Amino acid sequence: MEKITFRLGDLACPDCAQKMGQILEKQKGIYQANVVYTTGKVKIQYDPNQINLQEIEKIIAKTGYRILEKR
């Protein structure tokens with residue numbers, strides 16, 4: 001199990017943050033995605049044997065948000 005935190009740009013509203021979390025948690029290998037609208041941070045817990053970091057970044061990009069930073 002791995003953890004990663006992204007900081008997103010242009011996160012428009014709390015509903016958008018909630019929807020982003022729901023989209024991420026539907027992906028195979030992602031066990032938890034916590035999106036905080038006020039900070040623009042997304043904390044993800046995932047299994048690297050099922051989904052890799054590049055795939056997660058592509059999913060985020062498809063939702064229309066930019067990744068500003070990752071830790």
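The side chains of Glu-69 and Arg-7 form a salt bridge, with 3.2 Å from N to O. This pair connects distant parts of the chain, since Glu-69 lies in strand 4 (residues 66–70) and Arg-7 in strand 1, 62 residues apart. Both partners are partly exposed: Glu-69 has a relative accessible area of 29%, and Arg-7 one of 32%. The model discussed here is predicted.

In total, the structure holds four salt bridges. In another of them, the side chain of Glu-57 meets that of Lys-70 at 2.6 Å, N to O. Here helix 2, which contains Glu-57, is linked to strand 4, which contains Lys-70, across 13 residues. Salt bridges with shared partners also join Arg-7, Glu-69 and Arg-71 into one network.

Arg-7 leads on to strand 3, where its bridge partner is Lys-41. Lys-41 is likewise the bridge partner of Val-36. Strand 3 runs antiparallel to strand 1, with six bridges between them, and antiparallel to strand 2, again with six bridges. Four residues separate strands 2 and 3 in their hairpin, and Gly-40 there adopts a positive phi near 75 degrees.

Ile-44 is among the residues with the most contacts inside the largest nonpolar core, which has 18 residues. Strands 1, 2 and 3 and helices 1 and 2 each contribute at least two residues to this core. Phe-6, another of its most connected members, is in contact with residues including Val-42, Ile-44, Ile-56 and Ile-60.

Notes
Residues are numbered from 1 along each chain as its sequence is written. This is a predicted model: local features need pLDDT of at least 70, side-chain atom pairs count only at pLDDT 80 or more; totals for chains, interfaces and linings use all residues. Side-chain values use heavy atoms; hydrogens and water are left out. Two strands pair if DSSP finds at least two bridges between them. A nonpolar core is a set of buried Ala, Val, Leu, Ile, Met, Phe, Trp, Tyr and Cys residues joined through side-chain atoms within 4.5 Å. Buried means under 20% relative accessible area, exposed over 50%, partly exposed in between (1.4 Å probe, protein chains only). Contact means heavy atoms within 4.5 Å. Lists of a residue's contacts leave out its neighbours within four places in sequence.
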